[in-house]
Amino acid sequence: MSGKILTACTDIRVRFSEVDMMGVVWHGHYVKFFEDGREAFARKYQFSYLDAMNQGYSTPVVKMNINYKKSLRYNEPATIETTFIDSEAAKIQYDYRITAQKTGELITTGSTMQVFVDRRGDLVLSSPPSFIQWKKKWGVLV
Amino acid sequence: MKDLIVKLKKQIVAELYLEDIAPDEIDTDLPLFGDGLGLDSIDALSLVVLLEKEYGVQVVDPEEGKAILYSIQTIANHIQAQTGKP
C-alpha cells in the first residue's frame, strides 16, 4: 500500500528585478522559485527548516535539477507546485512544476534533494525519528 | 565471505546504477568514496538502506558509518559480525 502524495501550490508574479536583458526571468531565479515552493510546502505541512534546526539538524540542498521549457516575462503570474517524493533513505526530495497562470503552459520542471546534517556537521545516515513521525502523521508512510 | 563479497558488489552496482563498472572490476579493498570508486554522500544513504533491507544491519553513527562503508571488505566484515553468517 503506497502512501499519500503531498503537494503544495504557491503563486508568484515576476518582479522587474527578476528579468534579464532578453526580457525573461533569468535562469538563476528559478532556484529561488523552488525555495518559495519549499517554503509553501513547509507551511502547509508543518515541515520547516526551523523545526529541523531545533532538533539539531540542518538540511542542505545537495542536488538540484532544472528543466527550462518555456519562459516567463515581467509581471506574469505563475504557480509553483511542489511535491514531496518519498524515499527510504535519509533525504528530502521534492519535484517542482512551474506553470503560467494565464495560459496554463508548463514553464519549468525540476527537483531538489536535501540531506540531514547533525550539529557536528556529519551526514546523518538514517532518517531522524522526527522525520519518520512527520511522514506517518501526513500519511506518506503507511 | 567470498560469496558475500560477490553478492555485495552486484547489489551495489545495481542499487547505485553504476554504469561504467562491472561488479567483478571493483577491488574489494578499494575505498568506495572520494578518489576510490567515487561514490558521494547520497550514495552512502542508499548503501545504508541496502544494508538494512538486505541484511538487517543498521548503520546509524556517522563516525562508525565512515569506517563500515569504507570498502566492500569493511562492509562485508560488518555484515558478518552483525549477522554471524559467513
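Colleague: In chain B, what share of the contacts with a separation of 6 or more is accounted for by residues 24 or more positions apart?

Modeller: Start with the term: two residues are in contact if their C-beta atoms, placed from the backbone, lie within 7 Å. For chain B, residues 24 or more positions apart make up 56% of the contacts with a separation of 6 or more. In chain A the figure for that class of contacts is 68%. One thing before we go on: this is a predicted model, where local features need pLDDT of at least 70 and side-chain atom pairs count only at pLDDT 80 or more, while totals for chains, interfaces and linings use all residues. As for labels, residues are numbered from 1 along each chain as its sequence is written, and chains are lettered from A and ligands numbered from 1 in the order in which they are written.

Colleague: What does the predictor give the complex for ipTM and pTM, and what pLDDT does chain B average?

Modeller: The complex gets an ipTM of 0.83 and a pTM of 0.89. pLDDT is the predictor's confidence in each residue, from 0 to 100. Chain B averages 92, and 98% of its residues score at least 70. Within chain B, confidence is highest in helix 2, at 95, and lowest in helix 3 (residues 62–68), at a mean of 92.

Colleague: How many helices and strands are there in chain B, and how many in chain A?

Modeller: Helices (H or I, at least four residues) and strands (E, at least two) are DSSP runs, numbered from the N terminus. Chain B has four helices and zero strands, so its pattern along the sequence reads α-α-α-α. Chain A has three helices and five strands, and its elements run β-α-α-β-β-β-β-α from the N terminus on.

Colleague: And what radius of gyration does chain B have, against that of a compact globule?

Modeller: The radius is taken over C-alpha atoms, and the globule rule is 2.2 Å times the number of residues to the power 0.38. With 86 residues, the rule puts a compact globule near 12 Å; chain B has 12 Å, which agrees. Along the principal axes, the C-alpha atoms of chain B fill a box of roughly 30 × 25 × 20 Å. For chain A, the box is roughly 45 × 35 × 20 Å.

Colleague: What percentage of the residues of chain B count as buried?

Modeller: A residue is buried if 20 or more other C-beta atoms lie within 10 Å of its own, exposed if 12 or fewer, and partly exposed in between, with C-beta atoms placed from the backbone. Of the 86 residues of chain B, 26% count as buried; of the 142 residues of chain A, 25% do.

Colleague: Which residues touch the most other members of the largest nonpolar core?

Modeller: In soluble globular proteins, nonpolar side chains tend to be buried together. A nonpolar core here is a set of buried Ala, Val, Leu, Ile, Met, Phe, Trp, Tyr and Cys residues joined through C-beta atoms within 7 Å. The largest has 24 residues, and those that touch the most other members are A:Ala90, A:Leu125, B:Leu45, B:Leu47, B:Val48 and B:Ile75. Helix 1 (2–15), helix 2 (41–55) and helix 4 (72–83) of chain B each supply at least two residues of this core, and helix 2 of chain B gives the largest share, seven residues. Apart from this core lies another, of 17 residues, among them A:Phe34, A:Phe84, A:Ile98 and A:Ile107.

Colleague: How many residues does the contact between the chains take from chain A and from chain B?

Modeller: Chain A gives 14 residues and chain B twelve. On the chain A side, strand 2 (61–68) and strand 5 (106–115) are the elements that give two or more residues.

Colleague: Is B:Thr28 partly exposed or buried?

Modeller: B:Thr28 counts as partly exposed because 16 C-beta neighbours lie inside 10 Å. B:Thr28 sits in the loop between helix 1 and helix 2 of chain B. Leaving aside neighbours within four places in sequence, B:Thr28 is in contact with B:Ile5, B:Ser71, B:Ile72 and B:Gln73.

Colleague: Last one: which phi does B:Tyr17 have?

Modeller: Most residues other than glycine have a negative phi. B:Tyr17 has a positive phi of about 50°, although it is not a glycine. B:Tyr17 is in the loop between helix 1 and helix 2 of chain B, and is exposed, with 8 other C-beta atoms within 10 Å. A:Gln46 also has a positive phi of about 50°; A:Gln46 lies in the loop between helix 1 (29–45) and helix 2 (49–54) of chain A.
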